[in-house]
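Subject: Handing over the structure

Hello,

Here is the structure I promised to pass on to you. Please open it first, and then read on for what I found.

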Amino acid sequence: MSNYDIVVVGAGPVGSTFARYMAEEGFKVGIMERKKDVGVPLQCAGLVGKKIKKLNIVPDEFILNKVYGAYLHSPSGTVLSVSKKEPEAYVLDRVAYDKFLAELAVDKGAELLLNHRVDHVDIKTGDVYLKNHENKKISADVIVGADGYASSVSDEFNHPSKTFQAAQYLVDTGIDAFDSDYVHLYVDSKISPGFLWIIPVSESQVRIGIFAESSYQDLTKILNEFLDNEKFKNASILKKYQGFIPVYDPKKEISKDRSILLGDAASQVKPTTGGGLIMGFRSAKIAAGAVSNALHSQDIQLLEKYGKECMKKYKGELRMQLEVQKIFQSMTNEDLDKMFLKLKEGGAEAMISEYGDMDTQSPLIKEMLKSGLLFSILPGMLSRRISNLWK
Ligand SMILES: Cc1cc2nc3c(=O)[nH]c(=O)nc-3n(C[C@H](O)[C@H](O)[C@H](O)COP(=O)(O)OP(=O)(O)OC[C@H]3O[C@@H](n4cnc5c(N)ncnc54)[C@H](O)[C@@H]3O)c2cc1C
């Protein structure tokens with residue numbers, strides 16, 4: 001007999017959310033977490049679209065700041081300013097929020113085992129082998145890999161995910177150098193399709209980070225050069241963080257035999273921004289439906305529905321975001337500067353302010369196609385490739 005109906009590998013925000021859904025339904029859920037403390041170290045900028053409130057429980061105490069808009073900076077300094085009347089995004093205290101989600105899962109009946117690193121799993125039998133526990137083995141009817149970008153569960157049936165390196169500093173600016181209602185995003189061909197961000201956490205503290213296909217050393221060099229600026233002359237770096245962001249891979253298998261993958265383990269991140277919380281939480285809901293159905297019907301093959309449903313839900317948006325990502329990657333700084341100027345002259349700030357959405361970018365792209373703006377900023381071939389996505 002299995003020890004658990006479901007073993008969730010990883011008590012990250014997505015794994016804990018999924019575990020809660022299943023425990024609420026009365027399933028016996030075990031969460032194996034390799035760390036002794038959930039949520040640390042911080043590996044996130046914590047910026048998340050306002051939709052999060054519709055997708056998960058987010059008590060106000062975990063919202064450090066509300067963001068109304070963004071300044072988008074081209075390499076040579078053209079700035080697009082976009083904003084909304086209502087908050088568009090929240091800056092979360094990710095460490096506290098991750099702990100909260102794990103505690104919530106436990107409150108609903110899930111068993112959280114800290115210091116339990118999964119070494120490998122058998123996706124055919126449902127056996128889960130732990131490291132440093134005298135080769136302890138537990139078993140489950142369903143194994144859920146929510147163990148991040150280097151998922152041991154994914155390794156059983158996928159190639160390791162490609163990743164972007166990310167580096168981030170928590171900076172005390174010393175003065176109110178930034179309007180805390182706005183984030184700043186900087187593009188540069190050196191780091192495309194990644195970018196550099198400034199995310200205000202409070203009136204005087206900001207998270208300054210970057211992600212790219214680069215080494216941590218190269219990224220911190222760029223961050224240090226960026227901070228070597230008059231604007232930061234009173235600033236001090238309070239903390240340094242690093243992490244990895246999986247590159248979204250449409251070919252990745254996210255369910256096989258008795259297992260499914262969730263969140264970063266499934267590379268469920270937005271190709272354009274690397275953000276993973278919204279898509280991870282959406283997928284947790286879809287996965288809960290599929291796993292519940294498979295267990296109630298005692299038909300493990302029904303787990304396949306999870307992958308199919310995710311594909312149906314995300315395919316259009318993600319294909320479009322992948323195209324945008326490819327276009328950014330192919331642009332030189334000169335191209336980027338020209339594009340920003342044309343966008344500014346073509347009234348893009350108002351359009352982005354109206355149609356822009358952190359998580360779903362296709363309405364904005366469609367609007368840009370409709371108005372002809374996209375054709376004016378991109379060579380004909382590229383804009384045709386994008387417009388073909390809707391055919
Ligand atoms: C620098 C940086 C900035 C980011 N900024 C944002 C942002 O602003 N907005 C946003 O939406 N997203 C952001 N992301 C992405 C976001 O952090 C992830 O998408 C999110 O954490 C994914 O959650 P998860 O639960 O899938 O995985 P994770 O948060 O990675 O959790 C995985 C858990 O599994 C555990 N684990 C791993 N291996 C094992 C094992 N073998 N056995 C047991 N446990 C294991 C880990 O210890 C961890 O607790 C950022 C990422 C980085 C690196």
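Is C44 buried or exposed? With a relative accessibility of 17%, C44 is buried (buried means under 20% relative accessible area, exposed over 50%, and partly exposed in between, with a 1.4 Å probe and protein chains only).

Before you go further, please keep in mind that this is a predicted model, in which local features need pLDDT of at least 70 and side-chain atom pairs count only at pLDDT 80 or more, while totals for chains, interfaces and linings use all residues. Residues are numbered from 1 along each chain as its sequence is written, and side-chain values use heavy atoms, with hydrogens and water left out.

Now to the cysteines. C310 is also buried, at a relative accessible area of 3%. Searching the whole structure turns up zero disulfides (a disulfide being a pair of cysteine sulfur atoms within 2.5 Å).

Next, the helices. Two packed helices are described by the angle between their axes and the distance between those axes. Helices here are DSSP runs of H or I with at least four residues, strands are runs of E with at least two, and both are numbered from the N terminus. Axes are lines fitted to C-alpha atoms, for helices over the stretch in contact, and angles run from 0 to 180 degrees between N-to-C directions.

Start with helix α5 (residues 277-296) and helix α6 (residues 304-330), whose axes come within 8 Å and cross at roughly 150°. The two are therefore roughly antiparallel (angles over 145 degrees count as roughly antiparallel, under 35 as roughly parallel, 65 to 115 as roughly perpendicular and the rest as oblique). From α5, the contact involves M279, R282, S283, I286, A287 and A290, and from α6 it involves Y306, E309, C310, K313, Y314 and L318 (contact means heavy atoms within 4.5 Å). So the buried C310 is one of the α6 residues that meet α5. By class, this contact has eight nonpolar, one polar and three charged residues (Ala, Val, Leu, Ile, Met, Phe, Trp, Tyr, Cys and Pro count as nonpolar, Asp, Glu, Lys and Arg as charged, and the others, Gly among them, as polar).

Helix α5 also packs against helix α1 (residues 13-24), at an angle of about 30° and with the axes 9 Å apart. This pair is therefore roughly parallel. Among the residues that meet are F18 and Y21 of α1 and F281, A287 and A288 of α5. This contact has eleven nonpolar, three polar and one charged residues.

Helix α1 has another partner, helix α3 (residues 94-107): the angle is about 20° and the axes are 8 Å apart. α1 and α3 are therefore roughly parallel as well. Their contact includes T17 and R20 from α1 and D98 and L101 from α3. Here the classes are seven nonpolar, two polar and three charged residues.

Further along, helix α9 (residues 362-371) has S362, L364, I365, E367, M368 and L369 buried. After α9 comes G372, with a positive phi near 85°.

Finally, have a look at Q165 in strand β12 (residues 163-172). Q165 is buried, at 8% relative accessibility. Leaving out residues up to four places away in sequence, its contacts include I210, Y216, L219, Q242 and F244. Q165 lies 30 Å from A288, C-alpha to C-alpha, and the two are 123 residues apart in sequence.

Enjoy exploring!

Best wishes
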